[in-house]
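I set out to record what I looked up in this structure, entry by entry.

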Amino acid sequence: MNRFQSQEEIENVVRGFETCQTDADDFRHPQHLAVAVWYVHTMDRDSALDRMRSGLLRFLDHHGVDKKKYNETVTVFWIDKIAAKLNELGPDVSLVEKCNTVLDKDFTDKSR
């Protein structure tokens, strides 16, 4: 996935996910991360986790994917890791830069 150039691009990913308009095959790891960054950026950690969980379960249900594909441990891991990184970056960093930092290969490779 290319780096985001605008907040609008990120919002479109979130909107496509939340409305289930994004095809299941087009919602890969980078898109998951972008949505998680948006949630952590715009709400507290617990609300972000709740929103991500409910959104993923709704998305799976809408696309007829077995809900066993959802993994709570993985979801909590990524929300917490993203929350820590966004806290480290601070409030003066734009959403676009926060998202691109999280999508950076160094961030995601060290997480696995």
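**Entry 1: the model.** I noted that this is a predicted model, in which local features need pLDDT of at least 70, side-chain atom pairs count only at pLDDT 80 or more, and totals for chains, interfaces and linings use all residues. Residues are numbered from 1 along each chain as its sequence is written, and side-chain values use heavy atoms, with hydrogens and water left out.

Entry 2: I then listed the contacts of Ile82 (heavy atoms within 4.5 Å): not counting residues up to four places away in sequence, Ile82 touches Leu33, Ala36, Val37, Val40, Val102 and Phe107.

**Entry 3: the rings.** I searched the whole structure for aromatic pairs (Phe, Tyr and six-membered Trp rings with centres within 6.5 Å; planes under 30 degrees apart are stacked, over 60 edge-to-face, the rest tilted) and found five. Phe77 and Trp78 form an edge-to-face pair, 5.3 Å centre to centre with 85° between the planes. Trp78 also pairs with Phe107, in a tilted arrangement at 6.2 Å and 55°. This second pair links distant parts of the chain, as Trp78 is in H4 and Phe107 in H6, 29 residues apart. Ring pairs also link Phe17, Phe27 and Phe59 into a cluster.

Entry 4: Trp78 counts as buried because its relative accessibility is 11%, where buried means under 20%, exposed over 50% and partly exposed in between, with a 1.4 Å probe and protein chains only. Phe77, at 36%, is partly exposed.

**Entry 5: two single residues.** Cys20 lies in the loop between H1 and H2. Its phi is near 65°, a positive value in a residue other than glycine. At 7% relative accessibility, Cys20 is buried. Asp109 belongs to H6, residues 105-109, and is partly exposed at 42%. I found 21 Å between the C-alpha atoms of Asp109 and Trp38, which are 71 residues apart along the chain.

**Entry 6: the largest pocket.** I found about 560 Å³ of space in this pocket (an open set of points on a 1 Å grid where a 1.4 Å probe fits, with protein on both sides within 12 Å along at least five of seven lines; the volume is the space filled by probe spheres set on the points).

Methods: On a 1 Å grid over the protein atoms alone, a cavity is a set of points where a 1.4 Å probe fits but cannot get out, and a pocket is an open set with protein on both sides within 12 Å along at least five of seven lines; lining residues have an atom within 4 Å of a point. Helices (H or I, at least four residues) and strands (E, at least two) are DSSP runs, numbered from the N terminus.
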